[in-house]
Amino acid sequence: MGGPADQDGSVRGNVFKGPEGWDLPLIALFVAMHGIILFNAICHEPGIGYDALEHLRYIESFSTYQLPTPAQTAEFFSPPLPYLLPATLRHYGVSLWGAAKSAQLFNVGYSLLLAWVLLMICEEMRPGERRLKWFALALLAMLPVYYRSFAFVRGEPLLAAMGVLVMHRTLRLARTDGATAGNALALGLALGLLVLSRQWGLLIVPPVVLFLIYQSWAGGGGMRLAGAAAAALSIGALLGGWFYLILLIDHGRITAFNRDDRVSFSLANQPAEFYFGTGGDALFAHPVRSAFPNQLFPMFYSDVWGDYWCYFDVYGRLRDPRRLISGPALTAAVTDPAANSTLETNLPGMSRYLGRVNLVSLPSSALLLAGMSLGAIYCFRLARSSAPRHVTGGALLFLAVLWTMAGYFWFMLVFLSHGKGEAIKGTYVLQIFPFVAILGAEQLVEIWQRHARAARALTFMLAVTAAHNLPVLFTRMTLR
């Protein structure tokens, strides 16, 4: 890379600059990606999104610098960090709408941080390999769920940024065997901010712990790495643990939620269609709300690549009175003759287009799944003491995805939504997509090294998919 080496063997310098100078295509991709995110932050109405009004109520109640109660917002169980800055603006007199709009603009900053650290992870895994950075950022930039999630007033954007930062600092700590106190402090701070961003962040902690234990025991890190890891975890617990202690005292568990219908975990809690439903013809024809309720694969796939729940690309506007409607209200209005006379919506045409998006995105999805398979292989290769850095990094990322998805699966089997599948949303596991993108890019680099012609063909196919899907990345939920 273009910079002198640090004492720990890392490289100082700009992630956009290599031995041959500035990487202009990578810079252009970075700028274009965040130009779209900024557009969405400006244009998307902050009151539109999953549980949007509850998140606005959180900002309102937290503006007094008191944690909200269940009576104030159904999001009372959410950690406060994502709401701190907009709540401060509200405290000093900014309107609630303005404070919520600021939250969307802060999301742009979180994405800038996330993308920057993602490129640092790629450099950590394969120093000087520009293709891994370019493919990783490109695969992330292709995912509509990323842009939709960063347009909402929620905690997941900050969580995803902190998750990427935790992965980078964990790899750096392991590679340097805990050489400096600064490495342990940086990881500890990142862990604390992670768990204060969203409860889903807790799912990233166990893979980090397991990885550092293994690196201390079998990876040659020894007691110095073990001590640094223990210090980092202690710092993270002190910084972020207080909120979960409050949940435990006030609500009886650290996984408090706004529903009291929790059931015991069992695979039998969900019907067969939840596991084996394929969506039928609707997957490529009409993949929007109510098309294939409570079918895990088609709903999750359609939410990642499109707008299954109708809060972003699919819009509804009532002309009298002039206001936006989304989600269940939109689907109800479409079939209501009384509302139809004043309803403007793109649902029929957009749903057909989203079906084509699902179809042309199959190769990209296959590449991401192949990357996950490669991550699993890297976990087995990690048992070799001489495993290269890209294997070590890929194994950690795979463990983070695997553990997160296991926790998410548990959630869907404990809090049921019979006949609807309302918990099946890509935004809920937003933090995995940067890791999946890196693993998919790693798979593409491996293909490139063995079969360059096949890799070029696959890259061209991805470019065609990105061009076809470009309109899905822009919000339609705006009164402007």
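Modeller: In this structure, buried means under 20% relative accessible area, and exposed means over 50%; anything in between is partly exposed. The model is predicted. Keep that cut-off in mind as we go.

Colleague: Let me try it on a pair. Is Glu129 buried or exposed?

Modeller: Glu129 has a relative accessible area of 15%, so it falls under the cut-off and is buried. Now take Arg131. At 26% relative accessibility, it counts as partly exposed. The two side chains meet in a salt bridge, at 3.2 Å from N to O.

Colleague: How many salt bridges does a search of the whole structure find?

Modeller: The search finds 19. To read one, look for a Lys or Arg side-chain nitrogen within 4 Å of an Asp or Glu carboxyl oxygen. Then check where each partner sits in the sequence.

Colleague: Which side chain meets that of Glu442 in a salt bridge?

Modeller: That of Arg126, at 2.5 Å from N to O. This pair links distant parts of the chain, 316 residues apart. Glu442 belongs to helix 18, residues 432-450. Arg126 is in the loop between helix 4 (96-125) and helix 5 (130-141).

Colleague: And how do I read the accessibility of that pair?

Modeller: Apply the cut-off to each partner. Glu442 is buried, at a relative accessible area of 0%. Arg126 counts as buried too, at 10%.

Colleague: Which residue pairs with Arg148 in a salt bridge?

Modeller: Asp303 does, with an N to O distance of 3.1 Å. Arg148 is in helix 6 (residues 144-151) and Asp303 in helix 12, so the bridge ties together parts 155 residues apart in sequence. Arg148 has a relative accessible area of 0% and is buried. Asp303 is buried as well, also at 0%.

Colleague: Let's move to single residues. How do I read the surroundings of Glu124?

Modeller: Start with its place, then its accessibility, then its contacts. Glu124 is in helix 4. At 5% relative accessibility, it counts as buried. Leaving out residues up to four places away in sequence, Glu124 touches His168, Leu171, Arg172, Arg175 and Arg389.

Colleague: With which side chain does the side chain of Glu124 make a polar contact?

Modeller: With that of Arg172, at 3.3 Å. The C-alpha atoms of Glu124 and Leu324 are 45 Å apart, and the two residues are separated by 200 residues along the chain.

Colleague: Where does Asp313 lie?

Modeller: In the loop between helix 12 (296-305) and strand 3 (316-319). Asp313 is buried, with a relative accessible area of 0%. Setting aside neighbours within four places in sequence, its contacts include Gly306, Asp307, Asn346 and Met350. Pro471, Val472, Phe474 and Arg476 are also in contact with Asp313.

Colleague: How many bridges join strand 3 to strand 4?

Modeller: The two are joined by 4 bridges and run antiparallel. A hairpin of 2 residues connects strand 3 to strand 4. Strand 3 also pairs with strand 5, in the antiparallel sense, over 3 bridges. Follow Leu318 across the sheet. Its bridge partner in strand 4 is Arg323, and its partner in strand 5 is Leu343.

Colleague: Which residues in helix 13 are buried?

Modeller: In this helix, residues 327-334, the buried ones are Gly327, Leu330 and Ala333. They cover an arc of only 120 degrees around the axis, which puts them on the same side of helix 13.

Key: Residues numbered from 1 in each chain as written. Predicted model: local features only at pLDDT ≥ 70, side-chain atom pairs only at ≥ 80, totals over all residues. Heavy atoms only, no water. Buried < 20%, exposed > 50% of the residue type's maximum accessible area, 1.4 Å probe, protein only. Arc of directions from axis to C-beta. Contact = heavy atoms within 4.5 Å. Pairing = 2+ DSSP bridges. Polar contact = N/O pair within 3.5 Å; in protein donor to acceptor, adjacent residues only side chain to side chain.
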